[in-house]
Amino acid sequence: MRHKVIYIEGIPVRLLPRKRRSIRLSWDRRERLIHCFYPRSLSSSILKEFLEKRKRRVRELYSQSFVPVESALLLYRGKEYRILLNIDGNGQDFIRDDFSKTIKTPLLNDEVLFFQRWRDYLKREAPLYFEDKIRTCEKKTGLKTSIWRFRAMRSRWGSASAQGGVTLNTLLVMAPGYVVDYVILHELAHLKIPDHSPRFWNEVEHFMPDYRIRKAWLRDNGNRLLSLY
Ligand SMILES: [Zn+2]
């Protein structure tokens, strides 16, 4: 019997009622999702509440167990790539083949190194991916900031400081272009309106009437990016 799968912040958790007294969470390599063993007597509302409270743990389990095996998929500029072992390695950590949608890497057998190098790679790619978008958005809105910074962040896509600097999360290199455009606009709009008041959202909507669709992508897929932090 296949048991129910629920999603905690986009992470799949399979609910497995057992004859036991406590709740246990573990990563299942084969299914590539989290297993939650819990006492049969527990009501689903209490179980849900428990999982909501343990969001951090769920996220931790998910990111730790993201092992790049041969069948692993990674997002790059919004497209899914299959990761392959590159045995002949020509000195490059990652070789992208956009045509066959693969990324070849000699790092597959070293999990820790793999993600560290992947984050470095995204950081190097960030200016190439972001810069045109930034110029276009600045031109469109007339909003400009003193300095743009790019770095990996654990829980936010961007930030705008009172001094006028804007920081973008380099993990966004994994997201589609239309989503990055939204984050850039969002942060630029904060230079004018620092809060998330209706006035702020009107400003965003004025320049990007379909911003909700773009924002929804981050809600639905964001964890695949942030879990690599
Ligand atoms: Zn904001």
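**Close-up views of a predicted model**

**Figure 1. Parallel pairing of β6 and β8.** In this predicted model, β6 and β8 run parallel and are joined by four bridges. Within this pair, Ile83 stands opposite Ile103 of β8. Strand β6 covers residues 79–85, and β8 covers residues 102–105. Strands of a sheet pair through backbone hydrogen bonds, in either the parallel or the antiparallel sense.

Figure 2. The phi of Lys101 is near 55°, a positive value in a residue other than glycine. Lys101 counts as partly exposed because it has 13 C-beta neighbours inside 10 Å.

**Figure 3. The loop between β5 and β6.** Arg77 is found in the loop that links β5 (73–76) to β6. Although Arg77 is not a glycine, its phi is positive, at about 50°. Is Arg77 buried, exposed or partly exposed? Arg77 has 17 C-beta neighbours inside 10 Å and therefore counts as partly exposed.

**Figure 4. An open sheet of four strands.** The strands of this sheet follow the order β1-β2-β4-β3, and their pairing is mixed. At the edges are β1 (5–8) and β3 (24–28), each of which pairs on one side only. On average, neighbouring strands are turned by 35° against each other, direction ignored. In a regular strand the side chains alternate between the two faces of the sheet.

Figure 5. Strands β1 and β2 (residues 11–18) run antiparallel and are joined by four bridges. In this pair, Ile8 stands opposite Ile11 of β2. The hairpin that β1 and β2 form has two residues between the strands, and Glu9 takes a positive phi near 50° there. Strands β2 and β4, in contrast, run parallel, with six bridges between them; Leu16 stands opposite Phe37 of β4. The pairing of β3 with β4 (residues 33–39) is antiparallel and extends over five bridges. Cys36 in β4 is the bridge partner of Leu25.

**Figure 6. The largest nonpolar core.** This core has 35 residues, and those with the most contacts inside it are Leu172, Met174, Val180, Val183 and Leu185. The elements that give two or more residues to the core are β6 (79–85), α3 (111–141), β11 (165–169), α4 (177–192) and α6 (211–226). Because domain 2 (73–118) and domain 3 (119–226) both give residues to the core, it lies between them. Leaving aside its neighbours within four places in sequence, Met174 is in contact with Leu75, Tyr76, Leu122 and Leu225. A second, separate core has nine residues, among them Val13, Leu51, Leu61 and Tyr62.

**Figure 7. The packing of α4 and α6.** Two packed helices are described by the angle between their axes and the distance between the axes. For α4 and α6, the angle is about 105° and the axes are 9 Å apart. Helix α4 is therefore roughly perpendicular to α6. Which residues meet where these helices pack? Tyr178, Val179 and Tyr182 in α4 meet Tyr211, Arg214, Lys215, Trp217 and Leu218 in α6.

**Figure 8. The chain as the setting for the close-up views.** The protein chain contains six helices and 11 strands. Its division is into domain 1 (5–64), domain 2 (73–118) and domain 3 (119–226). The C-alpha centres of domain 1 and domain 3 are 32 Å apart. Along its principal axes, the C-alpha trace of the chain spans about 60 × 50 × 30 Å. Of the 229 residues, 26% count as buried. Among contacts with a separation of 6 or more, 47% are between residues 24 or more positions apart.

Key: Residues numbered from 1 in each chain as written. Predicted model: local features only at pLDDT ≥ 70, side-chain atom pairs only at ≥ 80, totals over all residues. Core = buried A, V, L, I, M, F, W, Y, C linked by C-beta atoms within 7 Å. Buried ≥ 20, exposed ≤ 12 C-beta atoms within 10 Å, placed from the backbone. Domains from an automatic or database assignment. Contact = placed C-beta atoms within 7 Å. Pairing = 2+ DSSP bridges. Axes fitted to C-alpha atoms, helices over the stretch in contact; angles between N-to-C directions. Parallel < 35°, antiparallel > 145°, perpendicular 65-115°, else oblique.
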